[in-house]
Amino acid sequence: MADEQEYSGELLGATLVTWMVDNRPALDEKMKEEGSKALIQEFMAAEGGMGLPTPEERLDRARQASARAWLRHLAAAIQANWTVAPTDFTSAMDKWLAAGEERLEALRLDEESKAEQRGRAADPNDDHREVELRSLGRLFAEGVGTTCHPGGDNGPSFAKRVTEWQSEHLLRNRELVDDAIARTTPEGLSGSDVAAPLWERAPETARAREAALLWARVQFLTEAIADALMAAGPPRLDTADA
């Protein structure tokens, strides 16, 4: 049974990734929506006396907006391909992500602590990216658990399934990251200038690299979510979070 679940999770993961690629126009619409929200937040911050964002802050906001668009796209993929998904899953996940800033901040603090324990990377930007994307991935996983309770899981227990799978498949994560970097312009992505701020070296290359690394993270999260869904079992909508 375990082998069947592993195969089924792998198959669902591949199906979700293919669906997201094939439905790129839907992602583009979500990117526009999230980009508009980010611009509004930037404008409101400037109006509130915080001034214009630094290049670092702007890239960080772009990363967050792109990640949220991808997560909403992943929710739509699950809705379309997980045969037992609740009919309102996509809209419920949109609401969960939109209302999750307080929970996201708590997850960020936890991931910051874990990053300290693991040891810092050579480039602080890599650390910051990893913390942000790990936190968003956990928020999404908790949303899946809270929204439809696969196999009776609540939000934290389903997220635990996801993070445990990721911890057991670090080599797969490395493969996806290496492939992502290989598909971007190689100049300036490694070597003696690695400590220089990415956006000062080559902003266009920075954006391409960010997009590629985000896609690697999305694929890794998708595979983990798919495995956890198949391992947990069908939704239990009559189950309340503890």
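In which helix is the place of Arg217? I looked it up in this predicted model and found Arg217 in helix α10, residues 203-232.

**Confidence**

I checked pLDDT before going further. The protein chain has a mean of 83, and 78% of its residues reach 70 or more. Residues 1-7 stay under 50. For that stretch I find three contacts beyond four places in sequence. Residues 186-202 are also below 50, yet this stretch has 24 contacts in the model beyond near neighbours in sequence. Where pLDDT is low, the predicted coordinates should not be read in detail.

**Arg217**

Is Arg217 buried or exposed? Its relative accessibility is 11%, so I count Arg217 as buried. Leaving aside neighbours within four places in sequence, I list its contacts as Glu130, Leu133, Arg134 and Gln166. With Glu130, Arg217 forms a salt bridge, the closest N and O atoms being 2.4 Å apart. I note that this pair links distant parts of the chain: Arg217 lies in helix α10 and Glu130 in helix α6, 87 residues apart. Glu130 has a relative accessible area of 23% and is therefore partly exposed.

**Other salt bridges**

How many salt bridges does a search of the whole structure find? I get 23. I looked at Glu132 and Arg108 next. Their salt bridge has its closest N and O atoms 2.9 Å apart. This pair, too, links distant parts of the chain. Glu132 is in helix α6, residues 124-148, and Arg108 is in helix α5, residues 101-118. The two are 24 residues apart. Both are buried.

Which residues are linked with Glu132 and Arg108 in a network of salt bridges? I note Arg68, Glu101 and Glu105.

I then turned to helix α7, residues 155-168. The side chains of Lys160 and Glu164 meet there in a salt bridge, 4.0 Å from N to O. Lys160 and Glu164 are four residues apart in this helix, so about one helical turn separates them. Glu164 has 39% relative accessibility, so I count it as partly exposed.

**Surface**

What makes the nonpolar surface patch of about 350 Å²? I find Ile40, Phe43 and Met44. Ile40 is found in helix α2, residues 24-50.

Definitions and conventions: Residues numbered from 1 in each chain as written. Predicted model: local features only at pLDDT ≥ 70, side-chain atom pairs only at ≥ 80, totals over all residues. Heavy atoms only, no water. Patch = residues over 30% accessible without salt bridge, like charges linked within 9 Å, V, L, I, M, F, W, Y side chains within 5 Å. Areas by Shrake-Rupley, 256 points an atom, 1.4 Å probe, with all protein chains shown as cover. pLDDT = per-residue confidence, 0-100. Contact = heavy atoms within 4.5 Å. Buried < 20%, exposed > 50% of the residue type's maximum accessible area, 1.4 Å probe, protein only.
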